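Me: Please take a close look at the aromatic rings in this structure. I would like to know how they pair and where the paired residues sit.

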Amino acid sequence: MTLNNVLSAVRTLILDEEAPTGSIDERHAALRLRFPELADAEIADLATIPPRRLNVYTDLVFAGERELLRWVYPVTFAVLHRLSPAADDDPWFGEADFDLVRAIHRFRAWKIGSTRMLAQNMADFVSQHRRDWVDRWGGLIALIDCERVETDVFYAPDVDHQPMDLPSLADLSVDELMALEVAQPSFVALRSFSHDVLTVQGYWREHEKLPDDLPPASRTDCCCSRNPHTLDAQWTRLPPAGLATLQMMEPDRPYTVESLAEVYVDASSDAERSDEPALFASFFDFLTSAGAVGVLLDARNSRADRHG
Amino acid sequence: MDQRKTNYGLPALGAGIGLRRPHFDEIIETNPPVRWFEIIPENFLNRGGYMADCLRKISEKYTLVAHGISVSIGSTDPFDMGHLKRLRAFCDSINSPWFSDHLCFTMVDHVNLNDLIPLPFTRDAINNVVERVKIVQDIMERPFLLENVTYYMTVSKSQMSEAEFITTILEEADCGLLLDVSNVVLNAKMHEYDPIAFLDSIPLDRVGQMHLAGFEEKDDLLLDTHGKPVSDETWDLFRAVIERVGPSSPLVEWDVAIPTLDRLMREAEMAQTKMDEVCASRAS
């Protein structure tokens, strides 16, 4: 289809290749070679477009993508600049990260206008094509994952559960508490990061700059959830037994508190199990903390199949 | 709210404001006297949490009008029918009185360009757009308006002018026009034509809504950034448009360096005042 050929050529000139320069005749000849499928009149039309005018669109498109990526990955971009030993000499950190965004486009074009997909493209680009950056700081992949997941959780569709009524829990008998049904919403993300990227993120948010030293490898078990009251995405560190309990749960399916307690106890150490009151207190603290940050929601009115 | 109708038969809502995230909390907490908000559906589709919660609260109290950015009406890629149906469901959920998007393409070869890329002013492009507008109208089942875009380059003007291109599409597709007054000012300057003559050569009886926005100069270009106050010449042209079309639903757009809600409301009042003045002089 002729129109498709014209639009496709415009897309190519904006996104993929430098617009031909020189006189109109020179541009015509270059376009003729590049787009043999176009009719003479279509080539003549494209040749009259001043290269600068095409470049305006190139600038607008990639500047727009750059701003989206900076918004998703503010700390990652700060780290990338830190990792470059001589940013001024490194084309990857050229003018306003523009080259990075174009490199991501060459790696994988942005297929649909979803910020989530663009963010995934950057994550995959770094992990597959910029191992040299990861070699400079091993926590980079974890940090990218941390920031990407946070955006996903913030925007995720709502689920069919309500926040837990935490103040009422203390008034329940143990039997009543154990019979309660809770669910882990599907948008909750559990992670065991290789580095303590939560500290880096927290420092950056508090001081608007990175800490002097990026942390060495240190396993960080955590989860990202949506606060039931503020609706902000937030990370919470998890104890080993808490992580094991949440990992057991299928998303959005109701579980009795008793079934969670069994997993929690099994995942606790012998020493922890030897002090039953303290273990119960630990479990209760995990339960209420998870409820407070929306990792667990009240599933009593859930339509899903029951577990436990 | 202004209960009059535009020449195109849509409610003349008066001057509205673009709904932007920095203002959500203030709108919900203070219920400011805003006539209507224009809303970008793509910012809310498939999203829950804060975005959905704010939308729910704001839609309970205000008229919302959906203005899309992803239909890519001029593309040769097949429509994502699922996406169009989600847009329809969204418009239904907010009771949007009409739906609009841009006369351009934003995707081709299944690649997102993330900007409003101008179409060639050709018969092929017209036929393609007309066919696709009818599909959109069938799915949306509400008035559909196309917005004239800024173009920094002319992909093809060998067959017709911009005005002929727009006019033919609106008439053959039988759809409305979201007239971006600022874009007329920019295009007239960059492509050296008379904006008044342009107005008088397009079917203004199809104008269902208007946009006003600020632009920035960069070298010899005027960039439609939506990040500056509306220029005097845009206000002048706005008055010229109102003289021709009467009451309408204008909106001052900001997408960069978004000002305070208070300032946006003052700008909306400025548009309303100018529109009322011109309408009053028309009536007398």
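Reply: What follows goes through the aromatic rings, pair by pair, and then the charges over rings. The model is predicted. Over all chains, it holds 21 aromatic pairs.

One of these pairs is formed by Tyr264(A) and Phe283(A): the ring centres are 5.3 Å apart and the planes meet at 65°, so the pair is edge-to-face. The cut-off behind that word is an angle over 60 degrees. Tyr264(A) belongs to helix H14 (residues 257–267) of chain A, while Phe283(A) belongs to helix H16 (residues 276–292) of chain A, so the pair ties together parts 19 residues apart in sequence. Both Tyr264(A) and Phe283(A) are buried.

Phe121(B) is buried, with a relative accessible area of 6%. Phe165(B) is buried too, at 2%.

Rings from chains A and B also come together in one aromatic cluster, made of Trp71(A), Phe154(A), Tyr155(A), Phe24(B), Phe44(B), Tyr50(B) and Phe90(B). Tyr155(A) has a charge over its ring as well: the charged end of Arg47(B) sits there, 3.7 Å from the ring centre. In chain B, the charged end of Lys274(B) sits over the ring of Trp235(B), 5.2 Å from its centre.

Technical notes. Residues are numbered from 1 along each chain as its sequence is written. Chains are lettered from A and ligands numbered from 1 in the order in which they are written. This is a predicted model: local features need pLDDT of at least 70, side-chain atom pairs count only at pLDDT 80 or more; totals for chains, interfaces and linings use all residues. Side-chain values use heavy atoms; hydrogens and water are left out. Rings of Phe, Tyr and Trp (its six-membered ring) pair if their centres lie within 6.5 Å; planes under 30 degrees apart count as stacked, over 60 as edge-to-face and the rest as tilted. Helices (H or I, at least four residues) and strands (E, at least two) are DSSP runs, numbered from the N terminus. Buried means under 20% relative accessible area, exposed over 50%, partly exposed in between (1.4 Å probe, protein chains only). A charge sits over a ring if NZ of Lys or CZ of Arg is within 6 Å of the ring centre and within 35 degrees of the ring normal.
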